[in-house]
Amino acid sequence: MSTEVEAELPVSGPLIRHAIVSDLDALNELYNHWVATSHITFDIEKITAAQRLEWYRDFAGHGRYQLLVALRNEAFLGFVHSKQFRPKEAYLPAVETTVYVHPEALGAGVGSALYRALFEALEGEDVHRAYAGIALPNPESIRLHERLGFREIGTYEEVGRKFDRYWSVRWYEKAL
(Lines give C-alpha, C1' and ligand atoms only; values in the text may rest on other atoms or scores of the structure.)
Protein backbone atom coordinates (compact mmCIF):
# COMPACT_ATOMS: atom_id res chain seq x y z
CA MET A 1 0.00 0.00 0.00
CA SER A 2 1.52 3.28 -1.10
CA THR A 3 1.56 6.41 1.00
CA GLU A 4 3.09 8.46 -1.80
CA VAL A 5 1.13 11.45 -3.06
CA GLU A 6 -0.07 10.72 -6.59
CA ALA A 7 -0.27 13.13 -9.47
CA GLU A 8 -3.15 15.59 -9.28
CA LEU A 9 -6.06 14.78 -11.56
CA PRO A 10 -6.86 17.68 -13.90
CA VAL A 11 -10.02 19.42 -12.65
CA SER A 12 -10.75 23.02 -11.83
CA GLY A 13 -11.64 24.07 -8.32
CA PRO A 14 -10.34 22.03 -5.41
CA LEU A 15 -7.29 19.78 -5.60
CA ILE A 16 -8.59 16.30 -6.41
CA ARG A 17 -6.33 13.27 -6.21
CA HIS A 18 -6.34 9.60 -5.32
CA ALA A 19 -6.66 9.06 -1.59
CA ILE A 20 -3.64 8.05 0.45
CA VAL A 21 -3.46 6.48 3.89
CA SER A 22 -2.92 9.84 5.58
CA ASP A 23 -6.33 10.99 4.24
CA LEU A 24 -8.22 8.30 6.11
CA ASP A 25 -8.63 10.14 9.43
CA ALA A 26 -10.22 13.17 7.75
CA LEU A 27 -12.26 10.96 5.43
CA ASN A 28 -13.53 8.93 8.37
CA GLU A 29 -14.31 12.03 10.41
CA LEU A 30 -16.43 13.38 7.54
CA TYR A 31 -18.19 10.07 6.99
CA ASN A 32 -18.88 9.60 10.70
CA HIS A 33 -20.39 13.09 10.82
CA TRP A 34 -23.01 11.90 8.31
CA VAL A 35 -23.46 8.60 10.19
CA ALA A 36 -24.29 10.49 13.39
CA THR A 37 -26.38 13.31 11.95
CA SER A 38 -28.27 12.04 8.91
CA HIS A 39 -30.02 9.22 7.14
CA ILE A 40 -27.89 9.54 3.98
CA THR A 41 -25.80 6.57 5.07
CA PHE A 42 -27.45 3.54 6.60
CA ASP A 43 -24.49 2.88 8.89
CA ILE A 44 -25.81 3.12 12.44
CA GLU A 45 -22.49 3.03 14.29
CA LYS A 46 -19.47 5.19 13.50
CA ILE A 47 -16.72 3.49 11.51
CA THR A 48 -13.49 2.85 13.42
CA ALA A 49 -10.03 3.67 12.09
CA ALA A 50 -9.28 -0.06 11.75
CA GLN A 51 -12.48 -0.64 9.76
CA ARG A 52 -11.67 2.33 7.52
CA LEU A 53 -8.16 1.03 6.82
CA GLU A 54 -9.55 -2.39 5.85
CA TRP A 55 -12.09 -0.67 3.56
CA TYR A 56 -9.31 1.42 2.00
CA ARG A 57 -7.43 -1.69 0.87
CA ASP A 58 -10.13 -2.32 -1.77
CA PHE A 59 -8.86 0.74 -3.66
CA ALA A 60 -5.14 -0.10 -3.69
CA GLY A 61 -4.84 -0.95 -7.38
CA HIS A 62 -7.25 1.69 -8.69
CA GLY A 63 -8.70 0.19 -11.88
CA ARG A 64 -12.49 0.00 -11.59
CA TYR A 65 -12.38 0.82 -7.90
CA GLN A 66 -11.26 4.40 -7.38
CA LEU A 67 -11.13 6.56 -4.25
CA LEU A 68 -10.58 10.28 -4.78
CA VAL A 69 -10.45 13.12 -2.28
CA ALA A 70 -10.96 16.87 -2.62
CA LEU A 71 -8.85 19.39 -0.69
CA ARG A 72 -8.54 23.14 -0.63
CA ASN A 73 -5.74 24.82 1.32
CA GLU A 74 -5.15 21.55 3.21
CA ALA A 75 -8.83 21.38 4.27
CA PHE A 76 -10.57 18.09 3.52
CA LEU A 77 -13.69 18.84 1.44
CA GLY A 78 -14.97 15.41 0.48
CA PHE A 79 -14.48 12.13 -1.29
CA VAL A 80 -15.96 10.01 -4.04
CA HIS A 81 -15.48 6.36 -4.81
CA SER A 82 -16.45 3.57 -7.15
CA LYS A 83 -16.65 0.09 -5.70
CA GLN A 84 -17.83 -3.36 -6.60
CA PHE A 85 -21.53 -3.31 -7.41
CA ARG A 86 -22.23 -6.98 -6.62
CA PRO A 87 -19.86 -9.88 -5.86
CA LYS A 88 -20.66 -12.04 -8.91
CA GLU A 89 -18.28 -11.93 -11.87
CA ALA A 90 -20.95 -10.96 -14.39
CA TYR A 91 -21.38 -7.66 -12.50
CA LEU A 92 -17.72 -6.61 -12.90
CA PRO A 93 -18.44 -3.96 -15.58
CA ALA A 94 -20.80 -2.20 -13.13
CA VAL A 95 -19.68 -0.04 -10.20
CA GLU A 96 -21.53 1.61 -7.35
CA THR A 97 -20.54 5.21 -6.74
CA THR A 98 -20.77 7.32 -3.62
CA VAL A 99 -19.87 10.93 -2.89
CA TYR A 100 -19.65 12.68 0.49
CA VAL A 101 -19.00 16.41 0.90
CA HIS A 102 -18.09 18.35 4.03
CA PRO A 103 -21.16 20.22 5.36
CA GLU A 104 -19.39 23.57 4.99
CA ALA A 105 -18.62 22.83 1.32
CA LEU A 106 -22.13 21.82 0.27
CA GLY A 107 -23.35 23.74 -2.77
CA ALA A 108 -19.84 24.87 -3.75
CA GLY A 109 -19.41 22.42 -6.65
CA VAL A 110 -17.21 19.96 -4.74
CA GLY A 111 -19.49 16.98 -5.44
CA SER A 112 -19.60 17.78 -9.15
CA ALA A 113 -15.81 18.19 -9.32
CA LEU A 114 -15.28 14.91 -7.50
CA TYR A 115 -17.65 13.02 -9.78
CA ARG A 116 -16.13 14.51 -12.94
CA ALA A 117 -12.67 13.44 -11.74
CA LEU A 118 -13.98 9.96 -10.94
CA PHE A 119 -15.50 9.55 -14.40
CA GLU A 120 -12.24 10.74 -15.95
CA ALA A 121 -10.28 8.26 -13.82
CA LEU A 122 -12.60 5.45 -14.96
CA GLU A 123 -12.05 6.22 -18.66
CA GLY A 124 -10.31 3.26 -20.26
CA GLU A 125 -11.39 0.90 -17.47
CA ASP A 126 -13.80 -1.94 -18.14
CA VAL A 127 -16.76 -0.09 -16.60
CA HIS A 128 -20.04 -0.04 -18.50
CA ARG A 129 -22.46 1.38 -15.90
CA ALA A 130 -22.27 3.36 -12.66
CA TYR A 131 -25.02 3.09 -10.04
CA ALA A 132 -25.84 5.35 -7.10
CA GLY A 133 -28.37 4.82 -4.34
CA ILE A 134 -29.77 7.95 -2.69
CA ALA A 135 -31.58 7.71 0.64
CA LEU A 136 -34.72 9.83 0.44
CA PRO A 137 -35.36 12.64 0.89
CA ASN A 138 -32.19 14.19 -0.47
CA PRO A 139 -33.08 16.70 -3.20
CA GLU A 140 -29.53 18.11 -3.39
CA SER A 141 -28.03 14.70 -4.16
CA ILE A 142 -30.76 13.95 -6.67
CA ARG A 143 -30.04 17.23 -8.50
CA LEU A 144 -26.30 16.49 -8.47
CA HIS A 145 -26.70 13.02 -9.92
CA GLU A 146 -29.22 14.07 -12.56
CA ARG A 147 -27.03 17.03 -13.58
CA LEU A 148 -24.15 14.57 -14.09
CA GLY A 149 -26.18 12.29 -16.36
CA PHE A 150 -27.54 9.71 -13.95
CA ARG A 151 -31.11 8.64 -14.60
CA GLU A 152 -33.60 7.28 -12.10
CA ILE A 153 -34.20 3.54 -12.42
CA GLY A 154 -36.28 2.68 -9.36
CA THR A 155 -36.93 3.00 -5.66
CA TYR A 156 -36.63 0.52 -2.83
CA GLU A 157 -39.43 1.63 -0.53
CA GLU A 158 -38.66 1.82 3.21
CA VAL A 159 -35.66 -0.48 2.79
CA GLY A 160 -33.64 0.85 5.75
CA ARG A 161 -34.38 1.79 9.33
CA LYS A 162 -32.40 4.47 11.13
CA PHE A 163 -33.34 7.02 13.80
CA ASP A 164 -36.49 4.99 14.53
CA ARG A 165 -38.01 5.43 11.10
CA TYR A 166 -37.91 3.77 7.70
CA TRP A 167 -36.14 5.32 4.72
CA SER A 168 -36.46 4.63 0.99
CA VAL A 169 -33.58 4.53 -1.48
CA ARG A 170 -33.87 5.73 -5.07
CA TRP A 171 -31.42 4.17 -7.51
CA TYR A 172 -29.75 5.97 -10.39
CA GLU A 173 -27.74 4.69 -13.35
CA LYS A 174 -25.19 6.32 -15.64
CA ALA A 175 -23.77 4.79 -18.82
CA LEU A 176 -20.00 5.11 -19.00
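Reader: Which ring does Arg-86 lie over?
Author: Arg-86 sits over the face of Phe-85, 4.4 Å from the ring centre. A charge counts as over a ring if NZ of Lys or CZ of Arg is within 6 Å of the ring centre and within 35 degrees of the ring normal. This is a predicted model, where local features need pLDDT of at least 70, side-chain atom pairs count only at pLDDT 80 or more, and totals for chains, interfaces and linings use all residues. Side-chain values use heavy atoms, without hydrogens and water, and residues are numbered from 1 along each chain as its sequence is written.

Reader: What lies over the face of Trp-55?
Author: Arg-52 does, at 4.4 Å from the ring centre.

Reader: Ok, ring pairs. How many aromatic pairs are there?
Author: Ten. Rings of Phe, Tyr and Trp (its six-membered ring) pair if their centres lie within 6.5 Å; planes under 30 degrees apart are stacked, over 60 edge-to-face, the rest tilted. The centres of Trp-55 and Phe-79 are 6.4 Å apart with planes at 75 degrees, so that pair is edge-to-face.

Reader: Is Phe-79 buried or exposed?
Author: Buried, with a relative accessible area of 1%. The cut-offs are under 20% relative accessible area for buried, over 50% for exposed and partly exposed in between (1.4 Å probe, protein chains only). Trp-55 is buried too, at 19%.

Reader: Which residues do ring pairs link into a cluster?
Author: Tyr-31, Trp-55, Phe-59, Phe-79 and Tyr-100.
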